[in-house]
Amino acid sequence: MTTTQASVLVIEDDPQIQRFLCAALEAHAYTPHLAATGSEGLRLATLRQPDMVIVDLGLPDISGLDVIAKLREWYARPILVLSARSQESDKVAALDLGADDYLTKPFGVGELLARLRVAQRHLAERSGADAQSRIEVAGLVIDLDAHRVQRDGEDVHLTPIEYKLLTALARHRGKVITHRQLLREVWGAAHVESPHYLRIYMRALRHKIEADPARPRWLLTEVGVGYRLADDAGA
């Protein structure tokens, strides 16, 4: 998917922000579709099948969180949340429901476009490498077939849980994975309220992978939200 082919559904009720987003997207070769309510957004998503969706949380009819949940019943492409709500709980809720990213108002065009490019890149990686067996991120190599991890050419010996945690992050590299998502994927649904498991194993994993665990190169913390595996060494 290239930028000139990308369509973006914007679900936003503020007319000024609608106009601003429409102008910014068109100026950078995106094709915008606009909806002022959650219900209209869901209808247009089905009708237009957009490459990406931008959704506000504070919609006049239904919550943006409900829109994300309903979209994720069938829609597998990127969803970017755009909201004036800056509380960590809102970010966690949106990401837990399946949003790919969260941008807080006010925002700059440059940052918005950068987030969209990242979303496009991740979509292309997922669609082109669903069966990918080798993941490389700036000197960190994860061979899924061989269950082998190397850092700068040296083998790293991990416990089964540490390996499962690392691969969960690697499959979504560059994307924030919430605490609950990681707990569900690594330990199972019965442990989503056990964040201490995650802290203990993340600490151990960093000590094995990072040269300086206090200043991680790969395993990054999103405070109050979750963790992500850096796209590159300087991310």
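Residues are numbered from 1 along each chain as its sequence is written, and because the model is predicted, local features need pLDDT of at least 70, side-chain atom pairs count only at pLDDT 80 or more, and totals for chains, interfaces and linings use all residues. Side-chain values use heavy atoms, with hydrogens and water left out.

Start by selecting Gln18, which lies in helix α1 (residues 15-27); helices (H or I, at least four residues) and strands (E, at least two) are DSSP runs, numbered from the N terminus. Gln18 is buried, with a relative accessible area of 15%, where buried means under 20%, exposed over 50% and partly exposed in between (1.4 Å probe, protein chains only). Leaving aside residues up to four places away in sequence, Gln18 touches Glu12, Leu34, Ala35 and Ala36, contact being heavy atoms within 4.5 Å.

Next, select the open sheet of four strands, whose order is β6-β7-β8-β9 with antiparallel pairing; two strands pair if DSSP finds at least two bridges between them. At the edges stand β6 (134-137) and β9 (154-156), each with a single partner strand, so one side of each is left without a neighbour in the sheet. Neighbouring strands of this sheet are turned by 25° against each other on average, direction ignored. Within the sheet, three bridges join β8 (residues 148-151) to β9, and Arg151 stands opposite Glu154 in β9.

Axes are lines fitted to C-alpha atoms, for helices over the stretch in contact, and angles run from 0 to 180 degrees between N-to-C directions.

From α6, move to α8: the two axes come within 10 Å and cross at roughly 85°, and the helices are therefore roughly perpendicular (65 to 115 degrees; under 35 is roughly parallel, over 145 roughly antiparallel and the rest oblique). On the α6 side, select Ile161, Glu162, Leu165, Leu166 and Leu169, and on the α8 side Leu198, Tyr201, Met202, Ala204, Leu205, Lys208 and Ile209. These residues divide into ten nonpolar, no polar and two charged, with Ala, Val, Leu, Ile, Met, Phe, Trp, Tyr, Cys and Pro counted as nonpolar, Asp, Glu, Lys and Arg as charged, and the others, Gly among them, as polar.

Finish at helix α7 (residues 179-186), whose axis comes within 10 Å of that of α8 (residues 195-209) and crosses it at roughly 85°. His179, Leu182 and Leu183 of α7 meet Pro195, Tyr197 and Leu198 of α8.
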